[in-house]
Amino acid sequence: MGDAPASFRAALARLAETWAVGCDEAQGEALARFGTLLLTWNAHINLTGASSLDDLAGEHLPDSFALASRFGDGLPARAVDVGSGGGLPALPLALLHPALTLRLVEPIAKKAAFLRTATRELGLRDRVTVHVGRAEALGAGDFDAAFSRATFAPELWASIGAPLVRPGGRVFLLAAMTAADIAAPPSLLETFRRSYLEDRRVLVELARVT
């Protein structure tokens, strides 16, 4: 896996096993390239609190593997990440799920420039696009799934995400356990919940029913 430390490779293997998500050698190398690029840009633009590949694997990539576990069987899907920032969890998710088409929504131009660079260098431009702006500019019901990380309070995100997905589509919450119990809008029904990172975080899946 190139120059990635053995501890990073081992962390990816553990995540792949924990979440039953495939991560072969090529995907592992791509995740390491993403992490290295993110940390390089982070010296100039505030993109992540991580300072090493091991930090990324320990505290940030679990979100991507958690999401990947809910896009099973390699089925094509169209998803949107609102407030993409440094590309977490969206770009690692795209690397883990080759059938996924992603729209990254980021209102800050400098962060959007990073996302475009990363998308190009990771060879993802055929299925990952960057929208500089806010979620309100997106078409209602355009996506199979929507997610956002560390941008909105969970209840606010549920209300923003619900109109973005088609009926039967899914809105994902990636939240601290202390903020996971929310009053979802009537259009959303909880269908899955799993805690991780020693019960510090939780993935909640909400299906749009109307």
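Gly 123 comes after helix H5, and its phi is positive, near 70 degrees. Please keep in mind that this is a predicted model.

Let us step back into the helix itself. H5 covers residues 109-121, 13 residues in total. From its first C-alpha to its last it reaches 18 Å, close to the 18 Å expected at 1.5 Å a residue. Which residues of H5 are buried? They are Ala 112, Phe 114, Leu 115, Thr 117, Ala 118 and Thr 119.

I turn now to the nonpolar cores. The largest has 53 residues, and the members that touch the most others are Phe 8, Phe 65 and Leu 102. Helix H3, residues 53-68, supplies the largest share of this core, with eight residues. A second, separate core holds 20 residues, among them Ala 146, Ile 160, Leu 164 and Val 202.

Apart from neighbours within four places in sequence, Leu 102 contacts Ala 79, Val 80, Ala 90, Ala 94, Arg 127, Val 128, Thr 129 and Phe 147.

Is Leu 174 buried or exposed? Its relative accessibility is 8%, and buried means under 20%, so Leu 174 counts as buried. Its contacts, again leaving aside neighbours within four places in sequence, include Asp 63, Leu 67, Pro 89, Tyr 196 and Val 202. Finally, Leu 174 and Cys 23 are 151 residues apart along the chain, and their C-alpha atoms are separated by 21 Å.

Conventions
Residues numbered from 1 in each chain as written. Predicted model: local features only at pLDDT ≥ 70, side-chain atom pairs only at ≥ 80, totals over all residues. Heavy atoms only, no water. Core = buried A, V, L, I, M, F, W, Y, C linked by side-chain atoms within 4.5 Å. Buried < 20%, exposed > 50% of the residue type's maximum accessible area, 1.4 Å probe, protein only. Helix = DSSP H or I, 4+ residues; strand = E, 2+ residues; numbered from the N terminus. Contact = heavy atoms within 4.5 Å. Expected span 1.5 Å × (residues − 1).
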